[in-house]
Structure formats: C-alpha cells, structure tokens
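Open the model in your viewer and keep the selection tool at hand.

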Number of protein chains: 2
Amino acid sequence: MRDDARPPANDPFREADDAARELARRLLASAPHGALAVLDPLDGHPLASRVAVALDVDGAPLLLLSSLSSHTAALAADPRCSLLVGEPGAGDPLAHPRLAVSGRAVRLDRTTPAHAHARARWLERHPQARTYVDFGDFGFWRLEPQRGLLNGGFARAFRLGAADLRAA
Amino acid sequence: MRDDARPPANDPFREADDAARELARRLLASAPHGALAVLDPLDGHPLASRVAVALDVDGAPLLLLSSLSSHTAALAADPRCSLLVGEPGAGDPLAHPRLAVSGRAVRLDRTTPAHAHARARWLERHPQARTYVDFGDFGFWRLEPQRGLLNGGFARAFRLGAADLRAA
C-alpha cells in the first residue's frame, strides 16, 4: 500500500501527458457541478461554494450564477477563481480523480451571441434550468482557463496549462 | 416553479434558526470529504481542491493533509480557508443543501494530545487511512470555524456564526 499511497518526494506534480489531458477533459465534460473558490470582496478570504457547470465547445467551463449569491458578488469584484470538478465514488475520496481549473471568470452580456450560445449549451446539459435560466437575476459566466491541477488519485498529480485544457 | 426557484429580493441570506443549525451540523457530520478553498501563496489566486474530512467533538472540521499537496503549502502561508460540504443527489445540483465553513486552519503538532485525539477521530471516520496516517508527510489540521454560509436549496440561504457551527 505504501508505494501507492505516498506521492513521490520533492515536486509531486508532473508535466501533463496525453493521458492526463484526456482525463482532465473527461472530468470537465462529465461534471454537472463543481466547487468554485473565489475571494470574498469584503476581506479577501477564500470562499467555496457549489455551482452547476456546463462546458463550452472549446473546453471552457460555463457557469449560470444568481446575482444574489455570494460568489457572483465576489467575481464581479475580482474575477480570479478556481473550479474543482470530479466526484468521488465509493471508498477513499482521495483515490478518485479530480481537476481544479484556475482562471478568470467573464460575464457574458445578455445581448450577445456568446450569451445565446452559452444558454443553448446550458439547456442541453441542464434541461431543468429552463424554469429559471431567463430570470433577470441569473447570468452566464465563462471561466477562461489559465492553469489546472489534475489529481488522478494518490501519487498521480499533474500541472496543466491553458493549452492542455483546451478541447482537442 | 418561479416562487421556488428564485431567491427573495435584497439580502438573500437569513439569520440562522434551529433548523438551519441542525442542517449545518448534519451536513458536516455526514461529510466524508469536501472542497477546500485556499489562497495560492504565489499570487493570492483562489485555489479549490478536494480534502477528506472528519469532525472534532466540538464541531470543528479535521483535515489530514499531505505536505506535498498545494493546499498544505497555501495554508502554511495563509491559514484562511473555506470548506464546502454536502454532496448533491439526483436532479438539479443546486436544489441540494450544502454548507461552506470559513475560518483558519491550525496545524496540530504531532507530539500533542490534540494530535492523538484527531488521529483517533480520523481513523474512526476513515479506517482506510490507517495505511498512511502516520507517514511523515501527512499532518492533521483543524479548521477553526468563524462563519458559515448554508444553502438549503433554492431560496433558503442562511448566515451562520461560530456559535451556530459549534456542536450542541
């Protein structure tokens, strides 16, 4: 067990290879939701919250956020964020792969083709959102990925760049 | 659907009541894992990652972290963090309750009774961790809760204070 359970000494992160890129894209494409880390605009404290997730054609995560929620106020003040996807199955939660995508969130203006495109992608992934997607206090955001950390289970951690996170 | 799906206008967060406190404690007590938001020590960027979770007797979350992981370096530089617990079931992921506990993480020194206590609590909750709990590169941390945001599903959001998060 010891060899499996303990990461290698020194830098535990490897450079991404094809298998890592494929796993990262699979985790993103299959995630109905994730955990979003943002900065509290009051004091810069990190804040974690749940968000629903869809994926844009180029691999960028899309978020539909209520303007009343704490993460939306945070992103409006500082767009830096990190989205964790990949749900654990049975057994040790740390043995299951997960990916954190870090970057900046950009709000999509309601009158733009980008918004119409995101709305269509969203409803394909989350048909139940049809009842509130057009409410005035909901808005679409696109997370522009800058880097990622992929953890494929114990002792299999990778650093990814923006290009690694782009859909092939 | 509209009344259920949209939060009330103005401040959507209510003060905690007994039902909210009870739900928060239940979410924490039943969470085998959560998403931890920390600050990247390089540039202050928020960073989300998965952590396994156990609960101390007073309701404070316990974390067993590898010194090689990115969140551990982050907490050593700035102990502020936020832990999201509460796994969504079937259907809309935002309809399921979740809790973000924010506070400071304190590393438990290996030679102290607090460490021995945390280790015992941990193995009760995560017996499979017995294979690596004593590795030199793993360490216990305690999240000292300062505040919480509880989302009980659409339109049921509560602010909690440290006292609300303390085990009864």
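Which pattern does chain A follow when read along the sequence? The order is α-β-α-β-β-β-α-β-β-α-β-β. Keep in mind that this is a predicted model.

**Stop 1: chain A as a whole**

The secondary structure comes to 4 helices and 8 strands. Now switch to the C-alpha trace. Along its principal axes, the trace of chain A spans about 55 × 35 × 30 Å.

Next, look at how chain A is packed. Buried residues make up 42% of its 168 residues. Take the contacts in chain A with a separation of 6 or more: 67% of them join residues 24 or more positions apart.

**Stop 2: confidence**

Colour by pLDDT. Chain A averages 91, and 93% of its residues score at least 70. Then select residues 1-9 of chain A. Their pLDDT stays under 50, and the model has 17 contacts for them beyond four places in sequence. For the complex, the predictor gives an ipTM of 0.91 and a pTM of 0.92.

**Stop 3: where the chains meet**

Show both chains. How many residues of chain A are in contact with chain B? There are 41, and they are in contact with 41 residues of chain B. Select β2 (33-39), β3 (46-55), β5 (80-85) and β6 (98-107) of chain A. Each of these strands supplies at least two residues of the side that touches chain B. Colour that side by residue type: 25 residues are nonpolar, 10 are polar and 6 are charged.

**Stop 4: the axis**

A turn of 180° and a shift of 0.0 Å along the axis do it, with an RMSD of 0.0 Å. The two copies are therefore related as by a two-fold rotation axis. The same surface serves both copies, as 100% of the contact residues of chain A recur in chain B.

Which residue of chain A comes closest to the rotation axis? Select A37(A): its C-alpha is at 2.6 Å.

**Stop 5: the core**

Select A48(A) and A48(B). The largest nonpolar core has 90 residues, and these two touch the most other members. Centre on A48(B) and leave aside its neighbours within four places in sequence. From chain A, A48(B) is in contact with A35(A), L36(A), A37(A), A48(A), S82(A), L83(A), L84(A) and A100(A). From chain B, the contacts of A48(B) are A35(B) and A37(B).

**Stop 6: two loops**

Go to D58(A), in the loop between β3 and β4 (61-66) of chain A. Is D58(A) buried or exposed? D58(A) is exposed, because it has 11 other C-beta atoms within 10 Å, and 12 or fewer counts as exposed. Not counting residues up to four places away in sequence, D58(A) touches R166(A) and A167(A). D58(A) and A167(A) are 109 residues apart in sequence but 4.9 Å apart in space, C-alpha to C-alpha.

Finish at D137(A), in the loop between α4 (113-125) and β7 (138-151) of chain A. D137(A) has 15 other C-beta atoms within 10 Å, so it is partly exposed. Draw a distance from D137(A) to R21(A). These two are 116 residues apart in sequence and 35 Å apart in space, C-alpha to C-alpha.

Definitions and conventions
Residues are numbered from 1 along each chain as its sequence is written. Chains are lettered from A and ligands numbered from 1 in the order in which they are written. This is a predicted model: local features need pLDDT of at least 70, side-chain atom pairs count only at pLDDT 80 or more; totals for chains, interfaces and linings use all residues. A residue is buried if 20 or more other C-beta atoms lie within 10 Å of its own, exposed if 12 or fewer, and partly exposed in between; C-beta atoms are placed from the backbone. Two residues are in contact if their C-beta atoms, placed from the backbone, lie within 7 Å. A nonpolar core is a set of buried Ala, Val, Leu, Ile, Met, Phe, Trp, Tyr and Cys residues joined through C-beta atoms within 7 Å. Ala, Val, Leu, Ile, Met, Phe, Trp, Tyr, Cys and Pro count as nonpolar, Asp, Glu, Lys and Arg as charged, and the others, Gly among them, as polar. Copies are superposed by least squares on the C-alpha atoms of residues with pLDDT of at least 70 in both. pLDDT is the predictor's confidence in each residue, from 0 to 100.
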